[in-house]
Amino acid sequence: MTDPATPPAQPASAVRIDELPDGRKVIHRDVAANGARFHIAELGEGPLVLLLHGFPQFWWTWRHQMGALADAGFRAVAMDLRGVGGSDRTPRGYDPANLALDITGVIRSLGEPDAALVGHDLGGYLAWTAAAMRPKLVRRLVVASMSHPRRWRSSMLSDFRQTSAGSHIWGFQRPWVPERQLTADDGELVGRLIREWSGPGGGPDDEAVEVYRRAMCIPSTAHCAVEPYRWMVRSLLRPDGLQFNRRMRRPVRVPTLHLHGSLDPVMRTRTAAGSGEYVEAPYRWRLFDGLGHFPHEEDPAAFSAELVNWLKDPEPDR
């Protein structure tokens, strides 16, 4: 196993993909924030919309939304989270509070006063966190396929069905084994998870799955990708985890759009839908019928339309 601090081997060929599906070219840059270097892909001009990927993906998961956002007059920026894609693989710093500071630090490094945060899966967990911790830097919040952190914690501890749905997270607690499994056979497990977690209509196509497999096989990526989940479980009863849970009592006070696939096998609809109690601002829940854990890739047109229309609405309703 490669040391997590070791720089990735030639990540550009695997993750710095220049062309979007519509043929437009994105701009790739590295920005410094919170003591590390982060890779971003950028398209368009206007108010900043910062896109945060989940597991087991990287910035490219937002390839369909970036063009739609740019066409709607937004500056779409998709970042690679710490340890993933083209960003630094640091030996530590994978707790959600620090990862949220990565995100708000990138907003500042981009020279923007604030951003609309759009997060999927782990990116959604961190978007909830950033909105609670640094509300002045978050203009609006969009979360897909993820509950509020407090809702996640209580469900994983008390709801057997959610505990079972999140069984991969428990599996991540073993040392070294998950890393080896994720990179074995050129990332075969990554492709299997994406297909199993997608709805019956299908998720990312074979070509996209191959891109995600290659990205996970960049040295140290698998280790860094599972570290946040190790913290989330191992800290449940530790002082740092209890302190984080208390900090998340602070309500979200920015307009929030919550998107979810009705057939998501990883995050139960019942678990996610209870997150509205932590929002003291206009909150809109949108359930995509028949979609799984990757609604932004399973039906990108519907997802992008919902996202853009809500971001352009000057007064989103509750």
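Modeller: The lining of the largest cavity is made up of eleven nonpolar residues, three polar ones and one charged one (nonpolar: Ala, Val, Leu, Ile, Met, Phe, Trp, Tyr, Cys and Pro; charged: Asp, Glu, Lys and Arg; polar: the others, Gly among them). A cavity here is a set of points on a 1 Å grid over the protein atoms alone where a 1.4 Å probe fits but cannot get out, and a lining residue has an atom within 4 Å of a point. The model is predicted, so local features need pLDDT of at least 70 and side-chain atom pairs count only at pLDDT 80 or more, whereas totals for chains, interfaces and linings use all residues. Residues are numbered from 1 along each chain as its sequence is written, and side-chain values use heavy atoms, without hydrogens and water.

Of the 15 residues that line the largest cavity, His53, Leu81, Val84, Leu122 and Ala225 lie nearest its centre. Helix 11, residues 221–234, supplies three residues, the largest share of that lining (helices, H or I with at least four residues, and strands, E with at least two, are DSSP runs numbered from the N terminus). The largest cavity holds about 110 Å³ of space, and the model has four cavities of 30 Å³ or more (grid points are joined across faces, edges and corners, and the volume is that filled by probe spheres set on them).

The largest nonpolar core has 105 residues, and Leu50, Met66, Leu117 and Trp152 touch the most other members (buried Ala, Val, Leu, Ile, Met, Phe, Trp, Tyr and Cys joined through side-chain atoms within 4.5 Å). Helix 4, residues 122–133, gives nine residues to this core, the largest share. Beyond its neighbours within four places in sequence, Met66 is in contact with Leu20, Val26, Ala41, Glu42, Leu43, Leu51, Trp59, Ala76 and Ala78 (contact: heavy atoms within 4.5 Å).

Ala41 and Ala78, both contacts of Met66, are also bridge partners, with Ala78 lying in strand 4. Strand 2 (residues 36–43) and strand 4 (residues 75–79) run antiparallel and are joined by four bridges (strands pair if DSSP finds at least two bridges between them). Strand 2 is mostly covered, with seven of its eight residues buried (buried: under 20% relative accessible area; exposed: over 50%; partly exposed: in between; 1.4 Å probe, protein chains only). Strand 2 is also joined to strand 1, residues 27–33, by seven bridges, again in antiparallel fashion. Ala32 has Arg37 of strand 2 as its bridge partner. Two residues separate strand 1 from strand 2 in this hairpin, and Asn34 in the turn has a positive phi of about 50°.

Trp152, one of the core residues named above, belongs to helix 5, residues 149–158, and is buried there together with Pro149, Arg150, Arg153, Ser155 and Met156. The buried residues of helix 5 pack against helix 4, helix 6 (160–165), helix 7 (167–171), helix 11, helix 12 (239–247) and helix 13 (269–273).

Asp95 is found between strand 4 and helix 3 (96–109), and is partly exposed because its relative accessible area is 25%. Asp95 and Pro239 are 144 residues apart along the chain, and their C-alpha atoms are separated by 13 Å.

Terms used: 1 Å grid on protein atoms, 1.4 Å probe; cavity = no way out; pocket = protein on both sides within 12 Å on 5 of 7 lines; lining within 4 Å.
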